[in-house]
Amino acid sequence: MSSIFTAKALRSVPWMLSAKAVSFVVYFFVSIMIVKALSPEDYGVLALSKNFGQYLIIFCALGLNTCILRYLPEIELEKNYSSIKAFLCRSLFCQFTSWLICISFIYLIKAQVFQYLSTSSDYLLFLVFVWILAWVVKNTVTDSLTALFEAKTVAMIAVLQSALVFMAILWVCSQEEIHIEYILFAEFAALGITTLCGLFRLRKCLQKPSIKNGISIAGRRVIKLASPVWFNGLLRSLMLQYTEVFVLAYCFMPAVAGFYELGYSLPLLAITFIPMALQTLFSSAFAEAYQRDKKLLPKMVNSMFKVLILLSAPLAATGFLFSEALVGKLYGEDMQQAGSVAKYFSLIHVLPLISMPLSMAVTTLEKNSRTVGLLILQVIVNISLDIILIPTYGLNGAVAAVFMTFVLTIPIRLSVIRRLIGGIWFPFKFFLKIILTVSFLSFMCSLLPSRTSLWAEFALATLFIASNFVILWRLNLLDPLLEIINKKSSK
């Protein structure tokens with residue numbers, strides 16, 4: 001891998017992983033505090049409000065964050081920092097305009113929104129609006145720093161945000177009377193402070209002198225990439241989570257949507273927090289390496305597949321074995337239904353990771369517009385399954401809809417992607433070795449007697465993960481990860 005990606009990109013990996021690990025641990029404890037402080041009904045309203053806001057964040061971003069990750073390394077190679085500043089200013093202006101249009105429309109239909117969210121708080125709606133704007137700006141700033149390989153800064157910002165959120169939520173939950181609005185305001189305050197820190201560092205990075213007549217990215221090229229990325233993001237988010245949450249809230253009470261959201265999000269963070277940390281970094285690394293040598297694309301995709309397999313397989317097995325018991329013990333019996341959802345999503349969340357390296361390759365080749373039809377097909381299949389399964393089977397129907405959507409559509413997706421980028425380059429033999437090893441250890445662990453103590457459950461889960469990596473190391477299967485670590489140590 002070291003011969004493919006630059007040392008600057010590989011040195012960024014430990015910083016990104018460390019920050020994501022800290023963020024995951026903080027979110028884990030914050031979620032426990034929030035769930036225990038709120039009733040299941042109030043938590044359901046909070047989950048609906050945040051899911052509603054998260055979808056609007058994708059809408060307001062306009063796909064420009066992907067353009068930042070794709071084009072900033074290309075411009076930075078020419079040392080044209082004035083073009084980078086102009087590009088970022090135009091991006092923020094477009095996103096702010098989109099946000100204004102979006103909140104204006106939502107405000108006009110606020111009566112229907114209040115009815116759906118089972119609330120009538122204008123203050124809650126206002127906080128959701130400013131929370132969305134804070135996330136849009138923060139994502140633009142951190143993605144810009146990531147594209148410039150300022151991984152240490154991005155990691156420090158993430159850790160600072162996690163610390164601020166933890167302290168703010170801890171204070172909110174210590175009050176006698178707790179409102180959903182207080183929780184959103186605490187998160188907004190943490191976002192605002194960390195965004196200002198990121199802006200300060202980004203301004204420092206862009207104060208370097210520019211080379212005259214350097215490269216600039218044409219607006220037509222940006223629109224050609226941003227439009228399909230934006231549309232794909234909206235469709236992909238609907239397919240993976242939001243349709244189930246919205247349909248569950250419509251068919252049942254907000255509390256049921258809250259069970260699903262918690263059961264969905266916990267394993268998502270545990271299994272994908274490292275892959276998602278790598279996604280933004282390696283999106284820029286792909287673009288930089290491809291700009292240097294266009295023949296490197298197959299090796300980049302293959303290497304990324306190996307890293308994702310190594311990182312996700314042991315965590316998925318751990319989640320399947322332990323998440324149901326841990327959710328019940330940590331969050332209380334009221335949230336036990338979320339544990340059943342988390343158990344199966346521990347495995348389901350691994351499935352979409354197959355698309356991550358391929359999506360990076362498609363973005364690098366700027367062929368995203370040719371994948372829109374695939375997402376439309378997936379959303380149609382997903383919504384159809386939701387309508388058929390959720391009213392009858394509830395939470396189980398929502399889980400089944402996500403799994404069946406992937407199974408029914410992935411062969412078509414892989415066939416189309418193969419034609420677009422010239423291959424899949426999936427390391428099947430490597431994958432088979434990892435899966436057989438992890439499956440054997442999972443079977444051995446399942447034979448152990450049940451645990452009644454929370455700490456015994458945690459200790460066994462930790463031992464299980466450690467055993468996986470030790471065995472994989474002894475079988476010489478950890479080389480893709482060790483190469484990154486060695487590259488960092490040598491520098």
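**Entry 1: the nonpolar patch**

I began with the nonpolar patch, and its largest share, three residues, comes from helix 7. This is a predicted model, so I read every entry below with that in mind. The members I listed are Val25, Phe29, Phe166, Met167 and Leu170, which lie on the surface. Together they have about 450 Å² of accessible area. I then checked which elements give two or more residues to the patch, and found helix 1 (7-37) and helix 7 (151-173). I also looked up Phe166 by itself and placed it in helix 7.

**Entry 2: salt bridges**

Next I turned to charge pairs. Side chains of opposite charge can pair when their charged atoms come close. My count came to two salt bridges. I looked up one of them, between Glu187 and Lys50, where the closest N and O atoms are 2.9 Å apart.

**Entry 3: helix 12 against helix 14**

Last, I took a pair of packed helices. How do helix 12 (residues 336-348) and helix 14 (residues 372-421) pack, and at what angle? I noted an angle of about 10 degrees, with the axes 10 Å apart. Angles under 35 degrees count as roughly parallel, and helix 12 and helix 14 are therefore roughly parallel to each other. On the helix 12 side, I listed Gln337, Val341, Tyr344, Phe345 and Ile348 as making the contact. Helix 14 brings Leu395, Val399, Val402 and Phe403. Sorted by class, this contact has eight nonpolar residues, one polar and no charged ones.

Key: Residues are numbered from 1 along each chain as its sequence is written. This is a predicted model: local features need pLDDT of at least 70, side-chain atom pairs count only at pLDDT 80 or more; totals for chains, interfaces and linings use all residues. Side-chain values use heavy atoms; hydrogens and water are left out. Axes are lines fitted to C-alpha atoms, for helices over the stretch in contact, and angles run from 0 to 180 degrees between N-to-C directions. Helices (H or I, at least four residues) and strands (E, at least two) are DSSP runs, numbered from the N terminus. Angles under 35 degrees count as roughly parallel, over 145 as roughly antiparallel, 65 to 115 as roughly perpendicular and the rest as oblique. Contact means heavy atoms within 4.5 Å. Ala, Val, Leu, Ile, Met, Phe, Trp, Tyr, Cys and Pro count as nonpolar, Asp, Glu, Lys and Arg as charged, and the others, Gly among them, as polar. Patches are made of residues with over 30% relative accessible area and no salt bridge: like charges are joined within 9 Å, nonpolar side chains (Val, Leu, Ile, Met, Phe, Trp, Tyr) within 5 Å. Accessible areas come from the Shrake-Rupley method with a 1.4 Å probe; for residues, only the protein chains shown count as cover. A salt bridge is a side-chain nitrogen of Lys or Arg within 4 Å of a carboxyl oxygen of Asp or Glu.
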